[in-house]
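Here is a short briefing on charged side-chain pairs and on open space in one protein model. Please look over the sequence and the structure before reading on.

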Amino acid sequence: MDATIGKVFDSVSGFFSGAASGSTDEFPLCDTDIISGCEKELAEAQKGQDEGLKKECIMRLSWALVHSKTHADIQRGISMLEASVVSDTSPMNLREKLYLVALGYYRSGDFSRSRECVERCLEVEPEWGQAQTLKTAIEDRIVKADGVIGVGIAVTAVGVVAGIAAALLR
């Protein structure tokens, strides 16, 4: 019995700590040194006239930001990508940007918005394995969250019934 309770406790604490199946998600992380390098690269590119280079630098920085370990960087990456999605007409670029926005929302814990974005991405490229993997991860996290909510409701109900029973016995 103690082992079962321990497993449940580990599962619930793993969920709240962001661990999936005992480990963090399978998406790569990016450190601050890489982000700083991308920011410097973008600053240099903005001094020049090459619009293509500027867009490439923005895309690299956005990628680094949504793969960051910090919430503020992830939000900044999402904002940059969302601003550029509106003006992009290339299906390949749109696919990449929607995927990165979806990943950013996933890493921020906004699974419903992440699912919306990855579904839009899959409308552009239905067979893209990377997006399908992200969609599966999103759905797994949503199911896990729904399960924890269900357990919470059940525990609350048991507590209320136990409280009522205790009150009646007095």
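Which residue forms a salt bridge with R76, and how far apart are the closest N and O atoms? The partner is E39, and the closest N and O atoms are 2.7 Å apart. Keep in mind that this is a predicted model. The count of salt bridges comes to 9. Side chains of opposite charge can pair when their charged atoms come close.

**R76 and E39: helix α4 to helix α2**

- R76 sits in helix α4, residues 71–85, and E39 sits in helix α2, residues 32–47.
- The pair therefore ties together parts that are 37 residues apart in sequence.
- R76 is partly exposed, with a relative accessible area of 34%.
- E39 is partly exposed too, at 31% relative accessibility.

**E82 and R113: helix α4 to helix α6**

- A salt bridge joins E82 and R113, with 3.9 Å between the closest N and O atoms.
- E82 belongs to helix α4 and R113 to helix α6, residues 111–124, so this pair links parts that are 31 residues apart in sequence.
- E82 is partly exposed, at 32% relative accessibility.
- R113 is also partly exposed, at 38% relative accessibility.

**E96 and R95**

- The side chains of R95 and E96 form a salt bridge, at 2.8 Å from N to O.
- Is R95 buried or exposed? R95 has a relative accessible area of 12%, so R95 counts as buried, the cut-off being under 20%.
- E96 is partly exposed, with a relative accessible area of 25%.

**A salt-bridge network**

- Which residues are linked in a network of salt bridges? They are E41, E56 and R60.

**The largest pocket**

- Rolling a probe the size of a water molecule over the atoms shows where empty space is left.
- The largest pocket has a volume of about 280 Å³.
- Its lining is made up of 13 residues.
- K55, S84, D88, N93 and K97 are the lining residues closest to the centre of the largest pocket.
- Which element gives the most to the lining of the largest pocket? That is α3, with 5 residues.
- By class, the lining has 4 nonpolar, 5 polar and 4 charged residues.

Conventions:
Residues are numbered from 1 along each chain as its sequence is written. This is a predicted model: local features need pLDDT of at least 70, side-chain atom pairs count only at pLDDT 80 or more; totals for chains, interfaces and linings use all residues. Side-chain values use heavy atoms; hydrogens and water are left out. A salt bridge is a side-chain nitrogen of Lys or Arg within 4 Å of a carboxyl oxygen of Asp or Glu. Helices (H or I, at least four residues) and strands (E, at least two) are DSSP runs, numbered from the N terminus. Buried means under 20% relative accessible area, exposed over 50%, partly exposed in between (1.4 Å probe, protein chains only). On a 1 Å grid over the protein atoms alone, a cavity is a set of points where a 1.4 Å probe fits but cannot get out, and a pocket is an open set with protein on both sides within 12 Å along at least five of seven lines; lining residues have an atom within 4 Å of a point. Grid points are joined across faces, edges and corners, and a volume is the space filled by probe spheres set on the points. Ala, Val, Leu, Ile, Met, Phe, Trp, Tyr, Cys and Pro count as nonpolar, Asp, Glu, Lys and Arg as charged, and the others, Gly among them, as polar.
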